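Open your viewer and get ready to select a few things one after another. We will go from the whole chain to single residues.

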Amino acid sequence: MSAYQSIKISLIDSPEGRLRDVDQDWAECLAGMFVETGQKTPIDVVASGKKFTLVAGAHRLTAAKLSKWKEIDARILEPEGDQAADDLRLHEILENLGRKDFNALERCEALHEMKRIYEAKHPETKHGGKRGNQHTGGEKRQVAIFAFCQNAAESTGLSDRSVRLAIQIFDGLSPATRELLKGTQIAEKQSELKALSDLNAAEQNNVLDLILCDEPKAGSVADAKTVLSGKRPVRDIDKRLYTVCDYLPKLPKASRIQVFQQHKKEIIDLVKKEGWLNE
């Protein structure tokens, strides 16, 4: 059950350990929208004595504070049972996933946390079954993982494969790496997170040292691995050149002629400079 009402912002506490940090730029943008059009979606809170604890809507709450509002529209959740804390955590996750508010790293963490909550609600799935290899953990473990992924896919709209990959990535990132990645561009790119998660903790640290330093020596995980191997990373311009050189011979003759015609002047200048017609 839940109830809607306007409550004083001064009575709302934001708990630590939320999955998503407040993006101040987005909060300020929301504040401008609040001034123009008002609050469209209530925040979610739970009563805590005479005060309230925020469950979902940190950006909306911050925007209201920036707008100097005294009160904000809120939905007061009323969780029941011994697993109320997990229910509220799950509500926070699904609310953000539904609004697509998470970046790639936050989405991985959210799905990993969903898995923890699922196992807490279904303790029989966490252990048991004859052991398989270190990755599968046994037949029953595989059944449990499948059940969770199916449940998560239905709840979030993500595919089973996406859920499994996100959890695999988060498991592969060391705690130190997860902290270093927050607020970085890498946190926005799942492909980069996957590449990092395939490395051990020490390698992850070395790679991030090259990418996140004041004067970056690499622009991607792949480039950083190349540098660490003692080689020079391939520049973007070189990658484009290799692509053109690879695909040009595969084009039909008529298409190649069109390319040459578009660059006629450069080609003629080069022919004269190199003296190719005299050979």
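Here is a short tour, with a stop for each selection.

**Before you start.** This is a predicted model, in which local features need pLDDT of at least 70 and side-chain atom pairs count only at pLDDT 80 or more, while totals for chains, interfaces and linings use all residues. Residues are numbered from 1 along each chain as its sequence is written, and side-chain values use heavy atoms, with hydrogens and water left out.

**Stop 1: the whole protein.** Show the cartoon: there are 13 helices and five strands (DSSP runs numbered from the N terminus, H or I of at least four residues for helices and E of at least two for strands). Of the 279 residues, 34% are buried (under 20% relative accessible area, with exposed over 50% and partly exposed in between, using a 1.4 Å probe and protein chains only). Take the contacts (heavy atoms within 4.5 Å) between residues at least 6 apart in sequence: 63% of them join residues at least 24 apart.

**Stop 2: the largest nonpolar core.** Select Leu173, Leu181, Ile186, Leu193, Leu196, Val207 and Ile211, the residues with the most contacts inside this 25-residue core. A nonpolar core is a set of buried Ala, Val, Leu, Ile, Met, Phe, Trp, Tyr and Cys residues joined through side-chain atoms within 4.5 Å. Now colour helix 4 (104-121), helix 6 (160-172), helix 8 (190-197), helix 9 (201-212) and helix 10 (221-228), each of which supplies at least two residues of the core. Helix 6 gives the most, with six residues.

Next, centre on Leu181. Beyond its neighbours within four places in sequence, Leu181 is in contact with Leu105, Leu173, Ile186, Ala187, Leu193, Leu196 and Leu208.

**Stop 3: a second core.** Select Ile7, Ile12, Ala31 and Ala74, which are among the 17 residues of a second, separate core.

**Stop 4: two helices side by side.** Show helix 1 (residues 24-37) and helix 2 (residues 58-66), which pack at an angle of about 60 degrees with their axes 8 Å apart. (Axes are lines fitted to C-alpha atoms, for helices over the stretch in contact, and angles run from 0 to 180 degrees between N-to-C directions.) On the helix 1 side, the contact includes Trp26, Leu30 and Phe34; on the helix 2 side, it includes His59, Ala63 and Leu66. The residues of this contact divide into eight nonpolar, three polar and two charged (Ala, Val, Leu, Ile, Met, Phe, Trp, Tyr, Cys and Pro count as nonpolar, Asp, Glu, Lys and Arg as charged, and the others, Gly among them, as polar).

**Stop 5: Asp223.** Finish in helix 10, where you will find Asp223. Is Asp223 buried or exposed? Asp223 is buried, with a relative accessible area of 14%. Not counting residues up to four places away in sequence, Asp223 touches Ala218, Pro233, Val234 and Lys239.
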